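Dear colleague,

I am passing on the structure below, and my notes on its helix packing and domains follow it.

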Amino acid sequence: MNHLYLKGIEKGYYHSDSDSFELNIPQLTIQEGELFALLGPSGCGKTTLLKVVAGLLEPDRGEVWLGDQTISKIPTEKRGLGMVFQQALLFPHMTVEANVAFGLKMQGISKGVRLEKAKSMLKAVGLSGFGDRFPAELSGGQQQRVSLARALVTCPQVLLLDEPFSSLDPELREEMRDLLKGLQQDYKLTTLLVTHDVNEAFVLADKIGIMKQGRIMQIDQPQILYENPNSPEIAMFLGAKNVIYGQLSQGVFQSGSFKLAVPGKEEFNQQPGWIVLRSENLKLCPVPASTKFSQINRDLILRGSVEKSVFSQGSYHVTVQMDSQSVILSFPADQSSKPGLGEVLELTYDPQALVFIPEY
Amino acid sequence: MEKLTMKGLRHYLGFPMGLLLTFTMALPIIALLVNSLSFGWRWPDLFPQALTNRAWSYVLSTTSGTYASVGLSLEIALVVTIINLVLGMPGAYALARYNFRGKLLVEGIVYAPIIVPAFASTMGIQMTFLRLGLTESVLGVILAHLAPTLPYMVRALIISFQTLNPSLEDQARTLGAGWWQCFWQISLPHLVPGIVAGASLSILISLSQYLITFLIGGGQVVTLPLLMFPFINGGDLAIGSAYAVLFSGMAGLALYAMSWVLKHYYGKRLDFHI
């Protein structure tokens with residue numbers, strides 16, 4: 001068993017009054033072979049947590065377990081972890097091959113064996129023939145590949161990734177994600193990835209933990225997390241545009257004069273909370289709702305005027321003002337022409353896809 | 001008219017500037033050489049009236065003590081530099097990496113010998129060494145030479161440490177490198193330029209010490225400057241000139257040898273490092 005288990009980790013940071021926080025992780029388990037992403041804005045303590053796991057920082061309290069033994073007292077170099085940082089951090093005075101073989105050299109593996117392993121690892125990251133070059137001769141993406149190869153060649157028990165792709169171009173980032181996911185699955189590596197990139201976490205992770213101000217707010221599989229955020233902050237962080245505060249009573253959510261039908265939530269009575277109305281859940285009514293041909297339930301129709309209309313990457317993102325509430329919806333640009341300002345739109349939504357987050 | 005660009009400027013001024021530089025550097029040496037070979041070169045003669053190898057045959061003779069003093073000078077400079085490295089490395093590391101109470105004071109004390117006049121501190125050192133029985137010994141001279149040389153070594157090493165990314169060491173540790181391996185494999189190669197700079201200064205300053213060596217050594221520790229001084233100071237200018245040329249050669253060679261050894265050693269490691 002090689003699962004990673006954190007227990008009662010606490011680490012305080014007190015730079016100044018405004019810039020102090022406390023890392024507090026009561027417990028966290030990362031299953032063997034799982035890719036776990038810690039997702040949070042910068043400064044939320046996720047890198048600190050990673051360094052605690054690596055042993056580069058000592059926590060004030062708490063323990064790190066690997067399998068059935070604690071590694072808290074073991075120094076970094078004996079923990080048998082692999083780590084890739086935001087920068088490639090290749091050793092500038094060594095060739096690419098020597099960089100990759102460095103970890104094996106530290107393990108005392110003979111020169112022939114470690115060179116062979118380094119070569120095959122370089123091949124796995126698509127850099128055969130680059131072994132004799134020096135790091136300065138490589139591009140940023142190539143350097144980060146070498147860094148990944150260097151971390152993987154020692155067959156670490158756990159792979160720690162600290163925003164490894166955030167300094168790369170978007171295109172390259174995607175390529176590296178595919179490479180990482182492939183290698184991680186091939187080697188069945190228990191992986192802890194730290195990132196502030198929502199998309200990256202969703203593409204790569206088997207499980208995501210949302211972090212904020214030193215605490216993990218919610219842990220779940222990506223889709224479950226997306227569909228059932230347990231706080232309005234998480235919903236917004238994961239990209240929900242319309243998170244509206246109001247009251248849910250007998251299947252009807254109300255915020256001022258804005259009303260939504262929320263079937264299947266009849267158990268709530270005068271329950272304050274937030275409704276998550278995703279912009280892709282809102283649709284334009286194809287036929288004016290007033291005509292008798294309309295098939296749409298009249299309760300599910302929202303009417304408002306266009307306040308702002310933006311074209312971006314094949315979609316329109318339109319802000320619609322209705323009574324006291326404005327909502328944002330997105331739809332493919334080829335569906336219709338760009339809505340003009342002030343134009344009155346009729347929208348409908350799928351009530352089953354609404355998410356209600358009660359306030360306690 | 002041609003535009004006056006940097007390139008054009010370099011083109012027009014390059015040659016005269018180079019000539020000027022060569023003359024200012026080479027002329028004193030040439031003058032010394034000529035002087036060392038001349039027989040009574042006095043004003044108002046533009047050139048010496050006769051040439052002789054008298055000065056050089058004295059300087060290079062076994063009875064003059066030249067060889068012993070060259071050896072002693074180099075030995076002292078080498079030991080001083082090694083001690084400086086051993087002392088300076090951890091000191092520079094701490095000063096570059098950590099912020100602690102009284103850091104400014106520590107820096108002040110380290111740099112003090114090059115700010116306070118050497119004569120003042122040397123008098124104090126001499127009093128102390130007299131009590132400790134360290135005067136008139138090579139060991140005493142070596143210890144006294146540390147004061148004016150250590151600041152330069154520490155300064156050079158601090159700058160080197162400041163440009164070394166601490167994350168590189170973190171990365172090495174995650175790859176299984178212990179403290180010593182981190183230092184030996186990762187930090188030290190990065191520090192080589194700083195070590196070369198610090199060691200060069202340390203060697204040069206130690207070689208050219210006269211006052212400290214004279215006071216602490218009590219005239220018993222005869223390094224090359226001590227041997228040379230009486231001749232320059234009115235004794236025999238031809239022999240003094242020969243010693244001056246010899247001294248320049250010794251210092252230049254010592255510098256060259258040191259940087260060659262360091263660069264060659266690390267250059268090799270750079271190529272065949274696996």
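**Helix packing and domains**

In this predicted model, helix α3 (residues 66-97) of chain B packs against helix α6 (residues 138-162) of chain B at an angle of about 40°, with their axes 6 Å apart (axes are lines fitted to C-alpha atoms, for helices over the stretch in contact, and angles run from 0 to 180 degrees between N-to-C directions; helices, H or I of at least four residues, are DSSP runs numbered from the N terminus). That angle makes α3(B) oblique to α6(B), where under 35 degrees counts as roughly parallel, over 145 as roughly antiparallel, 65 to 115 as roughly perpendicular and the rest as oblique. The residues of this contact of α3(B) with α6(B) comprise 21 nonpolar, six polar and one charged (Ala, Val, Leu, Ile, Met, Phe, Trp, Tyr, Cys and Pro count as nonpolar, Asp, Glu, Lys and Arg as charged, and the others, Gly among them, as polar).

In chain A, helix α4 (residues 140-152) and helix α5 (residues 170-186) pack at an angle of about 15°, with their axes 11 Å apart, and α4(A) and α5(A) are therefore roughly parallel to each other.

Chain A is assigned domain 1 (4-235) and domain 2 (240-358), with bounds from an automatic or database domain assignment. Their C-alpha centres lie 40 Å apart, while seven residues of domain 1 of chain A are in contact with six of domain 2 of chain A (C-beta atoms, placed from the backbone, within 7 Å).

Residues are numbered from 1 along each chain as its sequence is written, and chains are lettered from A and ligands numbered from 1 in the order in which they are written. As the model is predicted, local features need pLDDT of at least 70 and side-chain atom pairs count only at pLDDT 80 or more, whereas totals for chains, interfaces and linings use all residues.

Best regards

Key. Contact = placed C-beta atoms within 7 Å. Helix = DSSP H or I, 4+ residues; strand = E, 2+ residues; numbered from the N terminus.
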